[in-house]
Every structure is written in C-alpha cells, then in structure tokens.
Amino acid sequence: MRNKATLFFSFIIMIVIGILQCTLLIAQTTRPLEIEDLFRIKRVADPQISPDGKWIAFVITDVDKVANKMNSDIWLMPISGGEMRRLTSSPGSDANPRWSPNSKTIAFVSSRSGDGQIWLIDVDGGEARQFTTLSPGASNPVWSPDGKTIAFVSTVYPEFSDKPFEESDDLNRKKDESKAKSKIKARIMTKLLYKHWNAWVDDKRQHIFVQGIEGGEPKDITPGDRDAVPTSSTFSAGDDFAFSPDGKEIAYTATPTENEAWNTNHDIYTVSIDGSARKQVTSNPAADGFPKYSKDGKYIAYRAQRTPGFEADKFELMLYNRITGSIERLSEKFDVSVGAFQWTTDGNRIYFTSEEKANQQIYYLSLKDRNIIKVVEGGVNGEVSISTDGKSICFSRHTFSRPAEIFRASSDGKNIQKLTSVNDKLFSNIEMNEPESITYKGADGATIQAWLLKPSNFDATKKYPLVLLVHGGPQGAWENGWHYRWNAQMWAAQGYVILAPNPRGSTGFGQQFVNEISGDWGGKVYEDVMGGVDHVEKLPYIDNERIAAAGASYGGYFMNWLATQSGKFKTIITHASIYNFYSMYGTTEEVWFDEWEHGGTPWDVPEEYNKFSPHAHAKNLLKYKTPMLIIHNELDYRVPVSEGMQLFTTLQRMGIKSKFLYFPDEGHGVLKPQNSELWHKTVFEWLAEHLK
C-alpha cells in the first residue's frame, strides 16, 4: 500500500512539475507586440449571411510586405461556425461579396482583370466569371429582389452619360486613354470640388447602372452632372442605394446640385430601373442618405442631419411613408448618431450601430413602440448582417487588444459566438495589457473619458515615460478598437504608458459634447486634454520628466497648437497636421468643414481663423523649443502637404530640432506596407531618442 501510495504521489508531482514547466515555457515565449505583427495579421471584414441562412461570406485580407501591397479573398463558413472555405484566390483584390437572392451566387468586386470590375462566382464550385466590362470599372454590386439584375456604381464622364451605352463607354475609354498618353499633364479647373481625399475628380461622376444577369448592356439610370452616391465618406454608410421590394425602382443618395465644396445638402431620390420616373423624396437642406426599403415596400428608412453645413451633426434614423409622403424621426431622442442600419424581413425592427462612450454598440429600433434596445456592447461592433428569418445577427468585432473577427448572436444579442479565430495563433504568444477606461474632470467640470494602456512587461514599482495620443476628427473618438495606423497597443509595447483621451468634440458622448469643439479648437478641448495629463502624472509609475505627445489630422493640429502653448513635452510628433488655418482653407477640398468650424470664410471672420491657428502663435515655438517630428504626404488633399512644409520651415528657421518624414505616394494615412513600416520605425526611433 505504501509503495503504491508513494508511486501515485510521485506521479502526481511529476504531472504538477510538467504543468509548471509548460506554464514557464509559455511565459518565456510570450513577447510584446512588434511592428511586423501588423503585417502578419489577417484582416477579417464584411460578413454577409446568405438568404437561405446557411452560410456567411466574408473577406480576409493578407499583407504582402515584399510586394508592398495587400491581397483580399472571399471565404465561406457555415453560419453555425466550423470549417472555413476559401472561395476566391486571385492575386488581386476580391472584396465586397453580395449574395444572390437564391443563395447560389456571389457578386463581388475584383481587380483580377486589371481594373475594378464586378465578377460572379457560384458557391458550389467553378471559376469566377466577369460580369461587368465598363471602361471606368464598376463597384458596389446590389442584387435585385428577383435575382435577375445587379445595380452597381461606375465613375463616368457626365457629358457622355445620356448616350447609348456602347457609345458612351467608348468615349469614356478614349478620353481616359488620351489623358494617359498625352505628354501634357496640365489640368483645367472651373469649379470646386476638383479633387477629393487622395484623388483628382477630373469632372467625373459616380452613377448607378443596372445590368441583367442573362446579358444585355448596362443602363445608366442616373445620367447627368451629378453624383448618385456620396463622394464624401462622411455622408456614406456603405451601400448607399437599394432596390424596392418589387424591383421596379432604386432609391439613392444624390449629392448637392451646386456648390459641392461648401454644401452638405444630400437628398434621397427614387428612379425606375429603366432610368425614368425620377422623384425627389427629401427636401431637407442638410444631409439625407443611405435609403433602405422595408420588405413590404411601405417605407423607406434613411439617415438625416438637421444642420446644413455641419458634417458632424447627429445622424437621425428617419422613416418615409411611400403612401402618404409623411416623414417621421425615429431616433429623435437618441443622443448620438445612427450608423449603418438594416431592416428585418418582417419589418418589425431596424438594427443599427452607434457609438457609446468609446465603444460601438449594436441596437435595434422596434417599429411597434419606437423603443431603442441595445443588444451587443463592448468593443467596436459593426458590419451587421441579419438572417432572413430574423433569428440571428452576424457582425464583426475588434478591440484595443484584438483585430476583427466575425461573431454571431441571436437577434436579442444573447448567445454570442465567435465564429472565426484566424489570428488566435498569432496572438497566443503576444503579451499585452488590457486598456483601462478612466475618467477625470475637464473644462467647466465636464467628465472626460480616456484610455490608459500600460506596457506588456509593466512593473508598478518602476517609472515609465508617458505618451499622449490625440485623435483626429476632431469629431471622432479613441474607441475600444484595433487600429492599423495608430495602434495604441503598439505604442505601449515600446515601453510607454499611453494616454488616449476623448475630449470635447469626441463622438459617442452626446451631441452637445460633439458640438462644443466647433469654433473652439484650442479652448476647452485643450483643458480637457491637459487635465488628463495632469491626472495621469499623479500616478506613482509615471515619470513626469519624460512625457511626449503625438497625433494625426485634428490630432496633428493639436500637436502644433500644443507646441505653442506648453513646454511640458520632451517631444511632439505631428502627422497630417494643420499649421495655418488661412492656407488650409484655400487648399483643402471640403471647405464646408472650415466654414462651419470657424463660423464663416476667412474674409468674413479673419479673427476666428487667427484665434487658434498655430502659425499665428509661432513665436511661442521659440519659447518652448520642443523637438518635433513632422509627417506629411503628397496625396493628402484633405490636409495638404504645404501645412507640414510651413511648420518644418518655421522650426528650421528658428533653429528648433525637427525632422520631416515625407511620403510622395500616400494620402491622409500611410497605407502601403513598406511605407507603414518606415513610418513606425521613424516614429519609435524618434520617441526613444527623446524619452529613453
């Protein structure tokens, strides 16, 4: 008995030792997040439930750093989870999958033919076949309810749009080819908007076409000198047009008829699929968009703002009665913007996404009693797809600590199930700390929320440098989500404590909180941000002598303002930043933004453009002499590169230590893999030089 007991005891000890050794080995192999991980991650997006409720189609994007590009493919998996099946495998980009009504075919956008065109593939097998061959390309496929037609978007020259398709397409091709071959690269502009984000508009228009599945020519149903989908992403929520349930008409979002650069008056129109019987549905002087029919055809739901010229005004969910012509505000008392939404088949609910206190939640609005119910919360939840029977919702979710994966839940938000785990293996040996949501008092005693992230090897007995990150917008937020351009966990992995506050102007904290930054870019928001720094400085593990700050877009502006207002920071990093409000107004593309934020044009209210413009306070740069890293990109038409150049010239002329990282082939963000790698290395080397 004693020998048997001894052997059993020894056996147990060996098991415990083995477990401890394995645990120790795992602990030893964990590591901080590193730059290369950003290129190892598989990017999961756009889940779409098949109409028969059996499958989910979605997109996985892989980064090819050597080729300096990304490759996207379409995958399938059962709606209950299980084995994933790759549906496309071209070397180009395959994305935007949309199911046919009979669940047998998927339409998608692919670059495999050289330009973006719509392709079709049967889910049971077989090769993809090209559906569109338009010379300007095609995107955003939307199936008709009977599956016999697909509507899509193509960017064409409006002067040819009323001609027969074969003639107009040939004229579009010849004009583009002539421009490409010509040794003269000059452009002649006669009106605004002549460029947008990172591309020249060249007087083209985004029109909606319809084309039969069984053949026939595409039909431009929105000809003329007007866009049929929003040119600005601010007013887009995804597929900005939709078929009526009987398939006889399409509702779409038309851009302003004139003064597009300083006018936000988008309206809902309907048009028959043969291009006749065009009808204006809304006449609101502010933005209306994203129309979706109820399944019984009685209503069109859409999003609308109330204030003309204010792009960050609250988007409300609206309901247009097609019989009576009446319009109802469904989310009038809901204090934040409604995002993309979708009807249930029975027409009893509308599901939508919306920000709430630095998370993006999923809600539904009951058409029965007009109540709004939160069903999914925590992290950034989006891209909602609803099963035809209304029993399941599918969505993507990401957090500060994990990139997006696909989830499923019952329609009431219960029984949440993670369906994909494509990045679990990569993250199994990456060590990081979960962010802490903190609050403190800002200007006028307002409660300000912020995220605090600690390094992976955090030791509370040690002192750490602090890095302040300020988000863009300014009407935006640091959400509890994964970022590829400004990843707070990546910054923390360098050995810093990260403070990411949501001050005045941040979305998800009520519309009044959003409104209070307009006309006050360096006022209350400055107090809100600096109050956060003061709050965190009191923590025992913060080294108050080693504090830096960084930001992009509005965050970049704030960095420039910070450099003229405080000497607290050892260094400041400013990306895509505004330095001079006067020159910014004259060179940006969407001037409605500047006119709203400053209360008019520079010649009407010059004092407002001067008040918080960093260039007007440039002498203070000499007072603090903070070293600055400036990053700006040639193709950034939102905040033109001249803003970064002006700041760099000023700092160099003053003898203040500064460096300018310039990308000739990037827009507002740095997206190409090798450029992204250089961006991160330059930023972190600069930080280390000044903080370590």
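This is a predicted model: local features need pLDDT of at least 70, side-chain atom pairs count only at pLDDT 80 or more; totals for chains, interfaces and linings use all residues.
A cavity is a set of grid points where a 1.4 Å probe fits but cannot get out. Rolling a probe the size of a water molecule over the atoms shows where empty space is left.

The largest cavity holds about 60 Å³ of space. Its lining is made up of L193, H196, T231, S232, T255, P256, E260, N263, H266, E590 and W592. When these lining residues are divided by class, six are polar, three are nonpolar and two are charged. One of the lining residues, W592, is also among the buried residues of helix 10.

For the second largest cavity, the volume is about 50 Å³. The residues around this space are R485, W486, H575, G669, V670, S676, W679 and H680. Helix 14, which spans residues 673-691, supplies the largest share of this lining, with three residues. The lining of the second largest cavity comprises four polar, three nonpolar and one charged residues.

Open spaces were also examined. The second largest pocket has a volume of about 400 Å³. Its lining consists of 18 residues, and those nearest the centre of the pocket are K179, A186, R187, I188 and D202. Eight of the lining residues of this pocket are nonpolar and eight are charged, while two are polar.

Attention then turns to the aromatic side chains. A pair of aromatic rings is described by the distance of the centres and the angle of the planes. In total, 37 aromatic pairs are present in the structure. One of them is formed by F152 and F209, whose rings are stacked, at 5.7 Å centre to centre and with 5 degrees between the planes. This pair links distant parts of the chain, as F152 belongs to strand 10 (residues 149-156) and F209 to strand 13 (residues 205-212), 57 residues apart. Both F152 and F209 are buried. A further pair joins F660 and Y662, with ring centres 6.5 Å apart; the planes stand at 75 degrees, so this pair is edge-to-face. Of these two residues, Y662 is partly exposed, with a relative accessible area of 36%.

Ring pairs also connect several residues into a cluster, whose members are W521, Y526, Y554, Y557, F558, F581 and F593. Among these, F593 is a buried residue of helix 10.

R112 lies over the face of W119, at 5.0 Å from the ring centre. In a second case, K657 is positioned over the face of W686, and the distance from the ring centre is 5.7 Å.

Helix 10, formed by residues 591-598, is mostly covered, with seven of its eight residues buried. The buried residues of this helix are V591, W592, F593, D594, E595, E597 and H598. They pack against two other helices, namely helix 9 (581-587) and helix 11 (606-611). Just after helix 10, G599 adopts a positive phi of about 85 degrees.

Methods. Residues are numbered from 1 along each chain as its sequence is written. Side-chain values use heavy atoms; hydrogens and water are left out. On a 1 Å grid over the protein atoms alone, a cavity is a set of points where a 1.4 Å probe fits but cannot get out, and a pocket is an open set with protein on both sides within 12 Å along at least five of seven lines; lining residues have an atom within 4 Å of a point. Grid points are joined across faces, edges and corners, and a volume is the space filled by probe spheres set on the points. Ala, Val, Leu, Ile, Met, Phe, Trp, Tyr, Cys and Pro count as nonpolar, Asp, Glu, Lys and Arg as charged, and the others, Gly among them, as polar. Helices (H or I, at least four residues) and strands (E, at least two) are DSSP runs, numbered from the N terminus. Rings of Phe, Tyr and Trp (its six-membered ring) pair if their centres lie within 6.5 Å; planes under 30 degrees apart count as stacked, over 60 as edge-to-face and the rest as tilted. Buried means under 20% relative accessible area, exposed over 50%, partly exposed in between (1.4 Å probe, protein chains only). A charge sits over a ring if NZ of Lys or CZ of Arg is within 6 Å of the ring centre and within 35 degrees of the ring normal. Contact means heavy atoms within 4.5 Å.
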